[in-house]
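User: Could you take a close look at the ligand site for me and walk me through what surrounds the ligand?

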Amino acid sequence: MLTVALAKGRILEDTMQRLRSAGFSPPEELLDTRKLVLEDKKHPLRYLLAKPSDVPVYVEHGAADLGVVGKDVLYESQADVHELIDLQDGRCRIVVAGPSGLDVKRVTRVATKYPRYAQAYFRTLGRQIEIIPLSGSVELAPIIGLSDCIVDLVETGRTLKENGLIELVSLSAISTRLIANRRSYQVRGSEVDHVVSRIRDSLCEGSVAQ
Ligand code: PRP
């Protein structure tokens with residue numbers, strides 16, 4: 001049996017749909033349960049429900065063979081895992097946002113949940129910045145003067161708009177990824193390949209149907 005770590009929260013429903021399209025049978029219960037370990041109803045798969053930022057940790061350490069997580073979380077984690085497939089769900093983007101008219105070349109303080117994306121971008125501008133690490137409601141920081149701008153996820157743009165901020169620079173397109181533990185990928189290759197090829201096929205069928 002393979003163990004698959006799934007990220008709780010906004011991408012979980014899309015992930016379940018993706019697994020179903022690939023022919024797996026994750027229990028409906030996953031979306032509304034306090035249980036953290038559940039088995040597929042028909043296939044030899046076991047699902048772990050984890051906090052998104054912990055999914056790469058479970059997979060890197062082999063507590064899960066596979067995982068589904070956003071590219072944003074994966075990039076920030078720097079986990080040593082195999083990135084197997086772009087599942088094309090949970091599409092959004094990482095941006096620099098702030099008050100209208102802000103010159104990003106003059107920024108000194110950046111509030112973010114994404115320090116690696118932020119450092120990488122401002123390094124390209126040759127700017128040394130101070131990162132103000134926050135774990136949520138990051139849009140507050142420039143409003144109350146804690147930072148000049150933010151580096152954050154934008155999906156619909158509603159949070160920025162309702163807080164009087166604008167997108168200044170788009171840094172990276174984000175979507176969910178299937179990842180694998182390096183050892184599982186070698187030692188349990190045929191089981192992993194079975195899951196991967198089913199998901200790949202379902203992605204191809206989806207794109208043909210569109
Ligand atoms: C994310 C992100 C933005 C918001 C963007 O936060 O950090 O705040 O969603 O979505 P939108 O463009 O559709 O408005 P999340 O909802 O995960 O909560 P958090 O602020 O507590 O991290």
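Analyst: Here is a walk around the ligand site. Bear in mind that this is a predicted model, where local features need pLDDT of at least 70, side-chain atom pairs count only at pLDDT 80 or more, and totals for chains, interfaces and linings use all residues. Residues are numbered from 1 along each chain as its sequence is written, and side-chain values use heavy atoms, with hydrogens and water left out.

So, who's around the ligand? The shell has 13 residues, with Arg10, Lys113, Glu139, Thr156 and Thr159 the closest; to count, a residue needs a heavy atom within 4 Å of the ligand. By type, the shell splits into 6 charged, 5 polar and 2 nonpolar residues. Nonpolar here covers Ala, Val, Leu, Ile, Met, Phe, Trp, Tyr, Cys and Pro, charged covers Asp, Glu, Lys and Arg, and the others, Gly among them, are polar.

Strand β9 (149-154) and helix α6 (158-162) each give the shell at least two residues, and β9 has the largest share, with 3. Helices (H or I, at least four residues) and strands (E, at least two) are DSSP runs, numbered from the N terminus.

Now the polar contacts, meaning N or O pairs within 3.5 Å. Polar side-chain atoms lie 2.4 Å from a ligand oxygen for Thr159, 2.6 Å for Thr156 and 2.7 Å for Asp152. Taken alone, the ligand exposes 490 Å², and the protein buries 72% of that (Shrake-Rupley areas, 1.4 Å probe).

Conventions. Polar contact = N/O pair within 3.5 Å; in protein donor to acceptor, adjacent residues only side chain to side chain.
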